[in-house]
Amino acid sequence: MSSSGNNEADKDTHPIEGLERSKKRGVSRRRFIGLAGAAAGAIAVGGSAYFLSQNGIQTPGETGPRRVTTLATPKNAQNYIPEDYLEFIRFLESVSDQTAGKTIRVALEAEVGPRALFRNKIDFTSSLGITLLMEFDIYRNNLAKSLLAVSTRSPTFDVFNIDVSQVGRFASHIIPIAELLESFPELTFSNLELDDFLDPVKAFSATYPPDLILPPWNIPSGTFKGVEVQVGQETPIYLRFYRKDLYQEEGRELSVTWDEYLEDVKHFHNPSRARWGTVLMAARFPAVIEEWHNWLYSFGGKLWDIGRDGIITSAVNSDLAVAALEHYVEVGKFAEPNSAFYGWSPAAESLAKSRATMSLNISEFAASMDIPGQSFVVRDIGFAKNPRGEAGSSHHYTGAGLAVSRYSRNPGLAWLFVQWATLAATQVIVALDPLALGTPTRKGVFEDSHVKGLINEGTIRHFDPAKAAFDAGEINFKPGFPNWDSVEALLFTKLHEAVLEQVTPREALNEVKRLSDENGPFTF
C-alpha cells in the first residue's frame with residue numbers, strides 16, 4: 001500500500017503542470033499515472049480541488065481542506081492500472097460528498113481475491129473519504145458469524161461474502177440488486193456492465209433461486225422466478241493440477257479419462273521417495289464434498305433430483321453416484337497418507353512441496369504454486385480440465401458473491417463497495433496480482449490484453465482451462481437451498497469414512513439418502 005513520501009515529486013503542486021512536464025520528458029500519459037501518480041487533471045468535488053495520486057505522492061488541493069485520493073502501488077510487473085479503473089475512481093470521488101466520514105464493515109472469506117482487494121483498499125477509502133473494515137476469516141467461521149448477524153438482524157456487517165451453497169440461507173436478509181439500482185441511482189456507476197458475468201456465475205451464485213441451466217437439470221432460465229441477490233466476486237473452480245515437468249521428462253501424455261487418470265496416479269506413485277501419486281482433501285469437512293462432486297457429475301450422477309416445481313429430493317445413492325465414489329476411493333489408495341485429514345490448503349501444500357504429483361483443487365491455489373521460497377515446484381505445475389467420465393468432464397464451482405445486508409446502516413456505501421470489488425477493471429488488477437492470479441467472474445477480463453500477456457508468458461496457466469470449462473458448460477455446484485446444512489455434515493462424514501474404508505461407498509451413500517429422505521423433501 002502506498003503512504004506519504006518525501007521525494008521530489010511531492011513538490012508538484014499543480015496536477016496539470018506535473019502532467020505537462022511528463023509529456024515534455026517523453027513519458028506517456030499512462031506511464032505517468034503508473035509511476036508518478038497524476039490523473040488526467042484536478043477534479044472539483046464540494047468545492048475541494050484534488051486529484052489522483054499514487055506511490056506515496058500526495059499533492060494538496062488548491063483550495064479548501066486537503067482531500068487526496070491515493071492509489072495502491074500496482075502489484076503487477078507491468079506497473080499497470082486500467083484506464084477504466086481510474087474512471088471508476090473518479091466516479092467515487094464525484095460522490096464522496098455523500099460518503100465522507102462514514103464506516104462500513106465487510107465479512108469476507110480469507111481467499112486470494114478478497115486479500116487482493118485488501119491490498120488495494122486505499123483506492124476505495126481515500127477516494128470516498130471513508131473507513132473500510134475488512135474482516136477476514138476461514139470459510140466456516142465467516143459463515144457462522146454472518147449467519148449470526150442476519151439471524152439477529154444485526155447491522156454488524158454491511159456486506160457479506162456468500163458462498164454459492166449458502167445463498168438460500170441469506171436470501172431474505174440481503175438487498176436484491178434491482179432494489180439497489182432503484183434506490184441508489186446516483187451511487188451506481190454508469191458503466192457497471194452487469195451482463196458481463198460468466199453465465200454459470202450469474203445463474204448459480206448471483207441468482208436465487210438459482211437458474212439450473214446446465215446438465216443434469218437443464219431447466220429453463222426463470223423457471224423458479226429467481227432474482228439477482230448478489231454480485232459474483234470470485235470464481236474458485238476445480239481444475240487438475242499436475243507436475244508437467246515429470247510428464248515431460250517421461251514423455252507421458254496427460255490422461256483424458258478417469259481410468260487413465262488412475263493409471264497416471266499409479267505410475268507416479270513412489271512412496272519410497274516421499275512422492276505420492278496424488279493427494280485428496282478427504283477430511284470431515286465441506287472440501288471432500290466438493291472434490292467428490294467432480295467425479296459425481298462426470299460419472300453421470302447428481303446429488304439432488306430437482307423438479308420444475310422446485311421440489312428437491314435426494315439422488316445421492318444412485319448406481320452412478322456409487323460408481324463415482326468407488327473410483328474416488330480407489331484413487332485415494334495412492335494418495336498421500338494424511339489425505340483423509342486434509343482440506344483445501346494442506347492438499348495444495350502437498351503439491352507445492354513436491355509430495356503429490358497431481359490432484360484436483362480450486363483455482364484459488366494456482367498462485368501459491370509459483371511463490372519462490374514457499375513452493376518447490378515454481379513453474380512446474382500445469383493446469384488442465386478434469387478427466388472425462390460417461391457424462392463428460394465436470395468441474396465443481398464453489399464461488400462466492402458480495403451482497404448488501406438488509407440491516408446495514410449505510411446500504412448506499414455498501415453498494416459502492418460491491419461495485420468496486422466486482423468491477424471488471426478491479427478484477428484485472430486482482431488477476432495480475434502475482435499473489436492472487438484470481439480467476440475472474442467477468443468474461444471481459446479473460447480478454448484483457450495485459451491478462452492475455454501473462455497467459456501467453458506462462459505466469460497465468462489456469463485461466464485457459466477454467467474458461468474452457470465455463471464455455472463448455474462443464475460446471476457443477478451445490479444448489480444453496482435453506483436446509484442444505486441438515487444433510488451436509490453427514491455427507492462429508494460418510495465420504496471421509498469411505499476413503500478410510502470404514503464403510504463401503506454404497507453404505508455411505510445409502511446412509512446419506514436415508515437422512516435426506518427423513519428431512520426432506522426440500523425446496524428453494
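Reader: Which residues in α20 meet which residues in α21?

Author: In this predicted model, helix α20 spans residues 485-499 and helix α21 spans residues 505-519, and their axes come within 9 Å. On the side of α20 the contact is formed by S486, V487, L490, L491, K494, L495 and A498, and these meet, in α21, A508, L509, E511, V512, L515, S516 and N519.

Reader: Are α20 and α21 roughly parallel or roughly antiparallel to each other?

Author: The axes of the two helices cross at roughly 170°, and angles over 145 degrees count as roughly antiparallel. The residues of their contact divide into 9 nonpolar, 3 polar and 2 charged. From the crossing angle it follows that α20 and α21 are roughly antiparallel.

Reader: How do the axes of α11 and α13 cross, and which residues make the contact?

Author: Helix α11, residues 258-268, and helix α13, residues 319-332, have axes that come within 10 Å and cross at roughly 15°, which makes α11 roughly parallel to α13. The crossing in which α11 passes α13 is left-handed. The contact is made by W258, D259, Y261, L262 and V265 of α11 together with, from α13, H327, E330 and V331.

Reader: Which residues of the largest nonpolar core touch the most other members?

Author: Leaving aside residues up to four places away in sequence, W295 touches W258, Y261, A324, H327, Y328, V331 and L360; among these, W258, Y261, H327 and V331 also take part in the contact between α11 and α13. A second, separate core of 45 residues includes Y85, L192, V231 and L423. In the largest nonpolar core, which has 117 residues, those that touch the most other members are W292 and W295.

Reader: Which residues of α4 are buried?

Author: Helix α4 covers residues 112-119, and because 6 of its 8 residues are buried, α4 is largely enclosed by the rest of the structure. Those buried residues are V112, G113, P114, A116, L117 and R119.

Reader: What share of the contacts with a separation of 6 or more is accounted for by residues 24 or more positions apart?

Author: The protein contains 21 helices and 22 strands, and buried residues make up 61% of its 524 residues. Among contacts with a separation of 6 or more, the share that residues 24 or more positions apart account for is 73%.

Notes: Residues are numbered from 1 along each chain as its sequence is written. This is a predicted model: local features need pLDDT of at least 70, side-chain atom pairs count only at pLDDT 80 or more; totals for chains, interfaces and linings use all residues. Side-chain values use heavy atoms; hydrogens and water are left out. Axes are lines fitted to C-alpha atoms, for helices over the stretch in contact, and angles run from 0 to 180 degrees between N-to-C directions. Helices (H or I, at least four residues) and strands (E, at least two) are DSSP runs, numbered from the N terminus. Angles under 35 degrees count as roughly parallel, over 145 as roughly antiparallel, 65 to 115 as roughly perpendicular and the rest as oblique. A crossing is left-handed if the near helix is turned anticlockwise from the far one by less than a right angle, and right-handed if clockwise. Contact means heavy atoms within 4.5 Å. Ala, Val, Leu, Ile, Met, Phe, Trp, Tyr, Cys and Pro count as nonpolar, Asp, Glu, Lys and Arg as charged, and the others, Gly among them, as polar. A nonpolar core is a set of buried Ala, Val, Leu, Ile, Met, Phe, Trp, Tyr and Cys residues joined through side-chain atoms within 4.5 Å. Buried means under 20% relative accessible area, exposed over 50%, partly exposed in between (1.4 Å probe, protein chains only).
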